[in-house]
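Here are a few notes to read alongside the model. Take them in order, with the structure open beside you.

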Amino acid sequence: SLGTYHAPPERFGSEAQFEATFDHLTLALASQAADCTILGGDANAELSATEYPIPGVGHILYGGEHSDRTEILTNFISARGLTVANSFFGTAENAWTYEADRTQRRKQIYYITVTGVRVLRAYPIDVVIKSSDHRIIEL
């Protein structure tokens, strides 16, 4: 299975809408009989380093403030047995995928999650398609 998603940003969507995004993704993935899954998307949530390892999440994380959104995203990843490919390659300093226009604050909010796939590399690259505050993740 191959898919994409876009979770609502905090300023435009309620927490219920955000959680519904991952509920719908869970249902969609459960309905697929696939040996492998590649799911890329804008989670509009940051994963953060924790004291205890999170299954499927590597240590290449750019900053990240722990929030309710972090919990929802982490639970989705763990429950589905997914691996966040772009949290295992590159450097933490280069892991950001979004830069806010006003504040120039960088965040890692895009993730490529996989299962049943051997990933050799996955990290953000600077490819300019148009003027954008987002970066592409090369897989």
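1. Start with the inside of helix 1: Phe18, Thr21, Phe22, Leu25 and Leu29 are buried there (buried is under 20% relative accessible area, exposed over 50%, partly exposed in between, with a 1.4 Å probe and protein chains only). Seen down the helix axis, these buried residues fall within an arc of 80 degrees, so they line one face of helix 1; the arc is that of the directions from the axis to the C-beta atoms. As background, an α-helix has 3.6 residues a turn, so residues three or four places apart point the same way.

2. A word on what you are looking at. This is a predicted model, where local features need pLDDT of at least 70 and side-chain atom pairs count only at pLDDT 80 or more, while totals for chains, interfaces and linings use all residues. Residues are numbered from 1 along each chain as its sequence is written, and side-chain values use heavy atoms, with hydrogens and water left out.

3. Back to helix 1, residues 15–30. Its 16 residues reach 23 Å from first C-alpha to last, close to the 22 Å expected at 1.5 Å a residue (the expected span is 1.5 Å times one less than the number of residues). Helices (H or I, at least four residues) and strands (E, at least two) are DSSP runs, numbered from the N terminus. On the face turned away from the buried side you'll find the exposed residues Ala16, His24, Leu27 and Ala30. The cover over the buried residues of helix 1 includes strand 1 (2–6), strand 2 (37–42) and helix 2 (68–79).

4. Now helix 2. With 12 residues, helix 2 reaches 16 Å from its first C-alpha to its last, close to the 16 Å expected. Buried here are Arg69, Thr70, Ile72, Leu73, Thr74, Phe76 and Ile77. They pack against helix 1, strand 2, strand 3 (83–84) and strand 6 (110–115).

5. Thr74 has a relative accessible area of 11%, so it counts as buried.

6. Take a look at Ala45 too, in the loop between strand 2 and helix 2. Ala45 is buried, at 4% relative accessibility. Not counting residues up to four places away in sequence, Ala45 touches Phe18, Arg69, Leu73, Gln108, Ile109 and Tyr111. Val57 is 12 residues from Ala45 along the chain, and their C-alpha atoms are separated by 14 Å.

7. Two backbone angles deserve a check. Most residues other than glycine have a negative phi. Asn44, in the loop between strand 2 and helix 2, has a positive phi near 50 degrees. Gln104, in the loop between strand 4 (98–99) and strand 5 (106–107), has a positive phi near 60 degrees. Asn44 is buried at 15% relative accessible area, whereas Gln104 is exposed at 56%.

8. Finally, the largest pocket holds about 580 Å³ of space. Of its 23 lining residues, the closest to its centre are Glu10, Arg11, Asn44, Tyr98 and Lys107. By class, the lining has 5 nonpolar, 7 polar and 11 charged residues. On a 1 Å grid over the protein atoms alone, a pocket is an open set of points where a 1.4 Å probe fits, with protein on both sides within 12 Å along at least five of seven lines, and lining residues have an atom within 4 Å of a point.

How values were computed:
Contact = heavy atoms within 4.5 Å. Points joined across faces, edges and corners; volume = space filled by probe spheres on them. Nonpolar A, V, L, I, M, F, W, Y, C, P; charged D, E, K, R; others polar.
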